[in-house]
Amino acid sequence: MNNQTLFQFFHWYYPSDGSLWNHCAEQAEHLKWLGITRVWLPPAYKSANGQYEPGYAVYDLFDLGEFDQKGTIPTKYGTKDEYLKCIDALHSKGIGVAADIVLNHKLGADEKETVTVIAVDDEDRHHHRGEKHEAEVYTKFTFPGRKGKYSEYVWDWHSFTGAGGTHQPHTIYSIISEYGEDWEEMVDDEKGNFDYLMGSDIEFRNPHVRDELRWWGQWYLELTKIDGLRLDAVKHITPSFFVEWLDFLRNHFQKDIFCVAEYWHRDVNILLKYLSALGDRTQLFDVPLHFNFYLASLRGNEYDLRTIFDNTLVQVRPDMSVTFVDNHDTQPLQSLESTVDYWFKPLAYALILLREQGIPCVFYAGYYGAKYNDIIQEQEVNVDMVPVQHLSKMLVVRKNLAYGMQRDYFDHPNTIGWTREGNDDMPESGCAVLITNGTAGEKSMEIGNRHANKTFIDITGGREEKVIIDENGFATFFVNDASVSVWIEESKATVIN
Ligand code: CA
């Protein structure tokens with residue numbers, strides 16, 4: 001079986017010009033060549049901010065760029081027809097598509113309502129500030145531009161656990177309804193209870209909400225033919241909802257729908273707790289590994305590379321881990337900014353792409369680069385993310401050569417390496433990888449005697465010597481200062497160009 005590789009086809013600052021669906025469709029052939037097996041597309045539904053927001057400020061789940069709402073028919077990424085064509089283009093190349101599913105909250109309500117609320121402390125959501133009282137909140141969504149097409153459900157305060165104050169915008173109100181006075185149960189106690197993230201927070205204890213979201217999921221998958229899901233912000237959603245929702249969709253469509261969820265926490269034990277609550281119905285992004293990469297990139301040669309996988313999901317649950325280096329939330333200027341420093345990115349990508357464990361996810365800005373600016377504390381800040389060095393070569397090595405038994409040499413604090421022996425399904429597959437955060441080094445590693453007497457070269461071009469594998473399947477491989485070298489059989493070098 002071929003290696004699976006995900007590609008996140010957007011970044012936070014992708015231009016708001018409605019071009020992304022078309023751009024992605026045009027890239028389908030190239031993505032296939034790179035070995036991408038599934039593309040993660042951004043939220044496709046109408047945002048409260050029309051075209052000027054990446055799609056996480058969801059207004060109308062049923063408006064995929066079809067209705068004149070929030071000042072625009074297309075979303076930030078294009079029209080519904082362009083979205084469907086993009087999915088078709090990817091499918092026609094045998095590439096799966098994962099849709100970004102944002103079900104924690106809604107923003108941009110059409111009407112205010114007066115409801116009974118209680119204000120809570122931002123840092124401890126169980127801590128009430130004052131007494132119950134009546135307040136105006138933005139909780140009524142009637143979608144006047146859609147006029148009941150696909151669904152006549154009107155979201156009102158019964159559909160939400162909480163909302164932001166209209167007069168005091170930073171106040172978080174818990175809404176008192178027939179579904180309870182308190183938040184829904186989460187797996188962790190961050191902020192006391194982190195059910196509320198932003199906007200109007202969806203109330204999953206309301207059976208009408210669950211019915212509506214089941215119908216929406218069925219409608220969405222039937223219409224778009226997508227075959228994968230990326231669940232947004234699951235930290236803020238009661239896990240029992242996704243147990244029910246994923247079972248419904250998988251039973252309804254009688255197929256195993258790929259699913260990966262974003263639970264943003266650096267403690268692997270919390271991620272394991274979530275997996276257990278979901279009964280392994282979804283994979284998770286390996287957030288702890290991202291933070292290890294981030295730390296390693298900051299500490300330089302003071303970081304012990306032998307510990308790079310310590311306390312990560314891919315170490316304890318490789319079968320449930322989707323590994324990544326950066327994403328739209330960690331890129332420069334974003335809310336969770338923790339961008340892995342440039343010198344370390346090629347090393348980090350080698351660690352996710354060329355090993356056996358986990359399904360790696362490549363970030364758009366890492367591959368294509370990204371130039372953008374934003375206003376931060378009233379100052380315009382310009383960012384130029386250059387493409388990660390050697391990324392396309394490593395992707396093609398993953399696709400064609402990174403197979404078979406893995407032998408690890410995590411035996412020096414500054415220089416680690418591993419080999420892949422290759423297998424019979426992929427002719428002449430196999431590779432050797434060496435990484436250092438210190439000065440140039442070398443390491444004797446076994447790659448297997450199927451490669452005896454063969455010549456290996458470093459496809460990054462960093463090392464120019466040729467390495468001959470001895471009759472026992474061993475060789476000494478080399479790496480330059482603070483870099484990665486990727487060794488493949490010389491005769492296979494043509495596949496990567
Ligand atoms: Ca929530």
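Trainee: What arrangement do the 6 donor atoms around the calcium ion make?

Mentor: Keep in mind that this is a predicted model. The protein donors are Asn 104 (OD1), Asp 195 (O), Asp 195 (OD), Asp 201 (OD), Asp 201 (OD) and His 236 (O), at 2.2 to 2.8 Å from the calcium ion. Six donors count as octahedral only if opposite ones are over 155 degrees apart and all others between 65 and 115. Here the angles run from 50 to 167°, so the arrangement is irregular.

Trainee: And what spacing do the donors of the calcium ion follow along the chain?

Mentor: Asp 201 sits in strand β11, while His 236 is in the loop between β12 and α4, so this pair links parts 35 residues apart in sequence. The donors as a set follow N-x90-D-x5-D-x34-H.

Trainee: Is Asp 201 buried or exposed?

Mentor: The cut-off for buried is under 20% relative accessible area. His 236, at 6%, counts as buried. Asp 201 has 0% relative accessibility, so Asp 201 is buried.

Trainee: Now the helices: how are α8 and α10 oriented to each other?

Mentor: Helix α8 (residues 345–353) packs on helix α10 (residues 391–400) at about 10°, with the axes 10 Å apart. Angles under 35 degrees count as roughly parallel. So α8 and α10 are roughly parallel.

Trainee: How many nonpolar residues does the contact of α8 with α10 have?

Mentor: From α8, the residues include Tyr 349 and Ile 352, and α10 brings Met 394 and Arg 398, among others. By class there are no polar residues, 1 charged and 8 nonpolar.

Conventions
Residues are numbered from 1 along each chain as its sequence is written. This is a predicted model: local features need pLDDT of at least 70, side-chain atom pairs count only at pLDDT 80 or more; totals for chains, interfaces and linings use all residues. Side-chain values use heavy atoms; hydrogens and water are left out. Donors are N, O and S atoms within 2.8 Å of the metal (3.2 Å for Na, K and Ca); water is not among the atoms, so sites may look incomplete. Four donors count as tetrahedral if all angles lie between 85 and 135 degrees; four count as square planar and six as octahedral if opposite donors are over 155 degrees apart and all others between 65 and 115; anything else is irregular. Helices (H or I, at least four residues) and strands (E, at least two) are DSSP runs, numbered from the N terminus. Buried means under 20% relative accessible area, exposed over 50%, partly exposed in between (1.4 Å probe, protein chains only). Axes are lines fitted to C-alpha atoms, for helices over the stretch in contact, and angles run from 0 to 180 degrees between N-to-C directions. Angles under 35 degrees count as roughly parallel, over 145 as roughly antiparallel, 65 to 115 as roughly perpendicular and the rest as oblique. Contact means heavy atoms within 4.5 Å. Ala, Val, Leu, Ile, Met, Phe, Trp, Tyr, Cys and Pro count as nonpolar, Asp, Glu, Lys and Arg as charged, and the others, Gly among them, as polar.
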